[in-house]
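Below are some notes on helix packing and the nonpolar cores, for your review. Please read them alongside the coordinates.

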Amino acid sequence: MIAFAVCIIGTYHKPHPNNIKVGVVGPPALTAPLRAGLEKAAGSAFEIRPVLTVADAAHQVRQRDLNAAFVPTANPKQPATVIVASANGRLVATAAETLARTVTATQGGQLVIREVRPLPDGDEIGLGIFMFMIVCTICGYITPTILETLAPALLPGRRYAIIAATALLVSALAYLIGGLGFGTYTGSAATILAFIGVGALYGFIIGLGTRLLQALIGPLAIFVSLAIFVFLNIASLGATYTSPVLPGFWRFLNHFWIGAQAVNVQRSILYFGGQGVGTDMLRLLAWAGVITALLVLPVSRKLERQREHAVAAVAVPPAGAAV
């Protein structure tokens with residue numbers, strides 16, 4: 001209860017913008033006074049950059065090099081424009097829209113919002129990936145925990161096969177319910193297969209990490225793995241609350257923590273046509289590689305075998321013992 005309250009409520013109760021990258025379109029010499037005014041008014045909440053053309057601004061927002069771009073207008077009868085990509089964070093896009101609307105209001109003008117990467121219809125704030133990741137996170141933790149409770153002497157080959165199969169099953173079922181059932185996840189067959197595959201890989205990594213802690217520290221792992229792979233993961237996911245609106249500690253974790261990397265991969269697959277997926281996928285695979293390497297270390301294997309033998313000795317009563 002305390003961990004959920006601190007991690008979840010503490011993270012999501014009050015989003016505050018930090019270093020949201022906003023471009024101001026136009027010749028740098030002409031837009032310098034506007035950029036200076038924005039920097040002074042926005043402080044650390046926004047990072048204001050010059051952009052030469054509207055096409056370049058739209059490209060940078062689409063590629064996620066910018067969170068948004070503001071296109072001012074010299075003619076009061078023509079509206080200014082703010083270019084956003086809600087699929088890269090609806091709260092961040094809203095903050096940029098608010099900033100642009102404030103500027104145009106002081107000039108007595110109007111504002112047009114141009115979406116270059118919208119969220120799917122019905123998912124107004126980007127909850128789809130967030131909920132999918134919660135399912136994969138919790139089930140990835142629960143599977144090895146149940147196996148350790150009900151079948152502590154299970155052979156490693158069978159244990160890891162069950163963890164892998166369950167991770168794939170959970171990811172597929174979550175898509176069937178959320179995608180086919182509620183229309184939350186859409187795309188080509190290749191997109192959906194990649195989406196399910198990344199969810200399965202993520203759940204499997206959570207399972208491997210939980211099993212590693214079971215082998216190293218025994219029963220205490222039920223709490224330690226819950227803290228590492230559930231509480232820290234969910235709070236730093238960066239799904240609905242993307243990195244620029246997370247509190248400092250969670251924003252720091254978001255740069256490398258396992259769940260955040262999986263979210264970035266899923267967002268790239270669903271909303272950005274796979275653009276930029278390589279780096280985040282390598283980070284996710286690095287987590288898998290490190291945990292697997294630790295699992296196969298002699299000390300880990302020795303501790304795992306010792307616990308299996310201890311369980312087996314308790315399970316088999318000595319000869320002649322009373323029934």
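1. In this predicted model, helix α7 passes helix α8 in a right-handed crossing. The two helices span residues 189-217 and 221-235 respectively, and their axes come within 8 Å and cross at roughly 150°. Because angles over 145 degrees count as roughly antiparallel, α7 is roughly antiparallel to α8.

2. On the α7 side, the contact is made by Y202, I206, G209, T210, L213, Q214 and I217. On the α8 side, A221, V224, S225, I228, F229 and N233 take part. By class, the residues of this contact are eight nonpolar, five polar and no charged.

3. The largest nonpolar core has 72 residues, and F46 and M133 are those with the most contacts inside it. Helix α7 gives the most to this core, with eleven residues. Another core lies apart from it and has eleven residues, including V51, V61, A69 and V116.

4. Beyond residues up to four places away in sequence, M133 touches Y202, L237, G259, A262, V263 and Q266. Of these, Y202 is also one of the α7 residues in the contact with α8.

5. L295 lies in helix α11, residues 277-296. Is L295 buried or exposed? L295 has a relative accessible area of 6%, so it is buried. Leaving aside neighbours within four places in sequence, L295 is in contact with Y160, L208, R211, L212, S300 and R301. From L295 to Y202 the separation is 93 residues in sequence and 17 Å in space, C-alpha to C-alpha.

Conventions
Residues are numbered from 1 along each chain as its sequence is written. This is a predicted model: local features need pLDDT of at least 70, side-chain atom pairs count only at pLDDT 80 or more; totals for chains, interfaces and linings use all residues. Side-chain values use heavy atoms; hydrogens and water are left out. Axes are lines fitted to C-alpha atoms, for helices over the stretch in contact, and angles run from 0 to 180 degrees between N-to-C directions. Helices (H or I, at least four residues) and strands (E, at least two) are DSSP runs, numbered from the N terminus. Angles under 35 degrees count as roughly parallel, over 145 as roughly antiparallel, 65 to 115 as roughly perpendicular and the rest as oblique. A crossing is left-handed if the near helix is turned anticlockwise from the far one by less than a right angle, and right-handed if clockwise. Contact means heavy atoms within 4.5 Å. Ala, Val, Leu, Ile, Met, Phe, Trp, Tyr, Cys and Pro count as nonpolar, Asp, Glu, Lys and Arg as charged, and the others, Gly among them, as polar. A nonpolar core is a set of buried Ala, Val, Leu, Ile, Met, Phe, Trp, Tyr and Cys residues joined through side-chain atoms within 4.5 Å. Buried means under 20% relative accessible area, exposed over 50%, partly exposed in between (1.4 Å probe, protein chains only).
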